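This briefing goes with the structure shown below. Please keep the sequence and the 3D view open while reading.

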Amino acid sequence: MFKKILIANRGDVALRVLRACQDMGIATVAVHSTADTDAMHVRLADESVCIGEAASAQSYLNIPALISAATITGAEAIHPGVGFLSENADFAGVVAAHGLTFIGPRIEHITAMGDKVEAKRTAAKAGLPLVPGSEGAIADLDEARKTADKIGYPVLIKAASGGGGRGMKVANSQDDLAEAFSSARSEAKAAFGDDTVYLERYLDNPRHIEIQVIADAHGNVAHLGERECSVQRRHQKLLEEAPSPALTPKERAEIGKIAAEATRAMGYLGLGTMEFLYEDGGFFFIEMNTRLQVEHPITEAITGIDLVVEQINIASGAPLSFTQDEVRFNGHAIECRINAEHPTSFLPTPGTVKDFHAPGGPGVRVDSFLYSGYRIPSDYDSLIAKIIVHGDTRAHCLARLTRALDETIITPMPTSLDLHRLLVRDADIASGAYSIRWLEENFLPNQQND
Ligand code: ADP
């Protein structure tokens with residue numbers, strides 16, 4: 001096992017990895033930008049290294065600085081967290097070239113899944129059902145037209161390098177196609193430096209359901225059930241739950257088995273998430289994330305498995321601590337993402353936190369780096385806290401979540417807490433009757449944008 005791990009990230013995920021290391025008796029190295037000198041992950045780590053200026057490109061994305069930090073502190077492995085370099089195959093390669101262990105999947109799988117066109121090809125080969133769409137990248141408008149005619153409108157033009165819901169445009173008919181095609185390309189170019197796009201049928205009213213998979217280097221593979229992530233705005237998740245209120249036990253067992261078999265067929269290593277759209281009883285693969293997910297705690301809550309500990313074990317060469325047959329799903333869990341942003345306009349609201357009070361009591365977990373007096377920098381993602389609640393049943397979980405949200409205090413800035421307080425009391429949430437469009441249609445009717 002590793003003696004020392006460097007955590008190449010910040011915020012709640014840096015704390016999450018730090019806690020797993022501490023539970024395992026592994027020493028930790030935090031890295032931070034000049035904007036994060038007072039951050040909680042820096043305060044709680046055994047050692048810390050400043051790796052550059054506030055801008056991510058100069059710090060959390062600065063590969064030479066990260067490698068130097070690992071070398072001078074004698075860290076043996078690097079955990080990339082979520083976001084930043086977590087799905088960057090070049091980084092994983094440089095880490096390995098310096099004799100360090102990258103806590104994540106094999107480089108070939110990061111590369112394949114990082115390009116969504118290649119990801120769909122790999123998924124199809126591994127036996128996963130796909131959203132009907134183009135065979136590969138779409139070269140020009142003429143090809144887009146032909147493909148759209150074949151699969152039928154509405155269609156979605158998506159960036160091959162896409163992420164975070166960006167570079168995605170809907171065309172409802174041939175009339176919209178030229179505009180959607182060129183704006184998807186220019187958005188993709190601006191956001192990812194790559195204007196490669198592909199085309200998919202735009203599903204009317206699907207749910208987003210993803211499967212957590214995990215594999216070690218000894219041939220052990222398992223799935224850890226699904227997460228329902230349909231409560232979204234601008235294609236970004238806001239509230240997640242496990243299990244999904246939409247699936248029957250039979251559907252759950254089937255898609256879990258399909259995902260685990262695909263994981264084995266790919267020769268995948270480590271933790272991964274296969275994302276599907278689910279409509280009329282059918283599953284359609286959209287992408288695979290080759291890293292820990294923000295919403296992983298709800299899987300931990302219902303399985304009792306520490307996913308970060310498993311990740312570290314797998315990277316050190318140890319086998320999974322459980323077999324598929326030993327996985328037991330227990331009760332229901334929901335995660336609310338609390339962002340420092342206006343609850344309906346979603347404009348970021350960074351600034352100094354005056355009061356922070358986290359909820360507590362049975363079944364409540366809070367993953368947050370906030371403290372009273374902490375200054376939320378404007379340079380990074382707006383996620384400031386995750387409230388994760390576990391209950392015996394879905395109704396029990398919702399009752400606990402309602403009290404947990406009501407106990408929480410974050411002042412003075414507006415956050416998404418207010419929106420979550422409305423959501424948890426909503427009849428459609430109570431009955432589980434929602435799809436990926438539900439939030440925008442019901443709570444943000446003037447904000448639908450694709
Ligand atoms: P990203 O990597 O940018 O998050 P995804 O491919 O995971 O992109 O899609 C993000 C979200 O966009 C999905 O959860 C879903 O809400 C919506 N979406 C993606 N593909 C489709 C599609 N073919 N039809 C309808 N909605 C889609």
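The model is predicted. The largest nonpolar core holds 37 residues, and another core, apart from it, has 32.

**Ligand site**

- The ligand has 22 residues around it, and Gly-165, Arg-201, His-208, Gln-232 and Glu-287 come nearest.
- By type, the shell around the ligand divides into eight nonpolar, seven polar and seven charged residues.
- Strand 6 (155-159), strand 8 (197-201), strand 12 (270-279) and strand 13 (282-289) each contribute at least two residues to this shell.
- An N or O atom in the side chain of Lys-116 is 2.9 Å from an oxygen atom of the ligand.
- Lys-158 places a polar side-chain atom 2.9 Å from a nitrogen atom of the ligand, and an N or O atom in the side chain of Glu-200 is also 2.9 Å from a ligand nitrogen.

**Nonpolar cores**

- In the largest core, the residues that touch the most other members are Val-231, Ile-338, Leu-370, Ile-376, Ile-384, Ile-387 and Leu-401.
- At least two residues of this core come from each of strand 11 (236-242), strand 14 (332-339), strand 19 (383-391), helix 12 (394-407), helix 13 (417-423) and helix 15 (438-442).
- Helix 12 gives the largest share, five residues.
- Beyond its neighbours within four places in sequence, Ile-376 contacts Ala-340, Pro-350, Gly-351, Val-353, Leu-370, Ile-384 and Met-413.
- The other core, of 32 residues, lies apart from this one and includes Ile-7, Val-17, Ala-45 and Ile-305.
- In soluble globular proteins, nonpolar side chains tend to be buried together.

- Asn-62 caps the N-terminal end of helix 3 (63-73), with a side-chain oxygen 3.2 Å from the backbone nitrogen of Ala-65.
- Helix 3 has Ile-63, Ala-65, Leu-66, Ile-67, Ala-69, Ala-70 and Thr-73 as its buried residues.
- These buried residues pack against strand 1 (4-7), strand 2 (27-33), strand 3 (47-52), strand 4 (77-79) and helix 4 (89-97).
- Gly-74 follows helix 3 and has a positive phi, near 75°.
- Seven of the eight residues of helix 10 (296-303) are buried; among them are His-296, Glu-300 and Thr-303.
- Gly-304 follows helix 10, and its phi is positive, near 75°.

**Gly-225**

- Gly-225 is part of strand 10 (221-233) and counts as buried because its relative accessibility is 4%, under the 20% limit.
- Leaving out neighbours within four places in sequence, Gly-225 contacts Glu-210, Ile-211, Gln-212 and Phe-329.

**Backbone details**

- The peptide bond between Ala-242 and Pro-243 is cis, with omega about -5°; Pro-243 lies in the loop between strand 11 and helix 9 (249-266).
- Thr-411 and Pro-412 are also joined by a cis peptide bond, with omega about 0°, and Pro-412 is in the loop between strand 20 (409-411) and helix 13.
- Asp-280, although not a glycine, has a positive phi of about 50°. This residue sits in the loop between strand 12 and strand 13 and is exposed, at 79% relative accessibility.
- Phe-346 is not a glycine either, and has a positive phi of about 65°. Phe-346 belongs to the loop between strand 14 and strand 15 (351-352) and is buried, at 9% relative accessibility.

Note on methods. Residues numbered from 1 in each chain as written. Predicted model: local features only at pLDDT ≥ 70, side-chain atom pairs only at ≥ 80, totals over all residues. Heavy atoms only, no water. Core = buried A, V, L, I, M, F, W, Y, C linked by side-chain atoms within 4.5 Å. Buried < 20%, exposed > 50% of the residue type's maximum accessible area, 1.4 Å probe, protein only. Helix = DSSP H or I, 4+ residues; strand = E, 2+ residues; numbered from the N terminus. Contact = heavy atoms within 4.5 Å. Near = heavy atom within 4 Å. Polar contact = N/O pair within 3.5 Å; in protein donor to acceptor, adjacent residues only side chain to side chain. Nonpolar A, V, L, I, M, F, W, Y, C, P; charged D, E, K, R; others polar.
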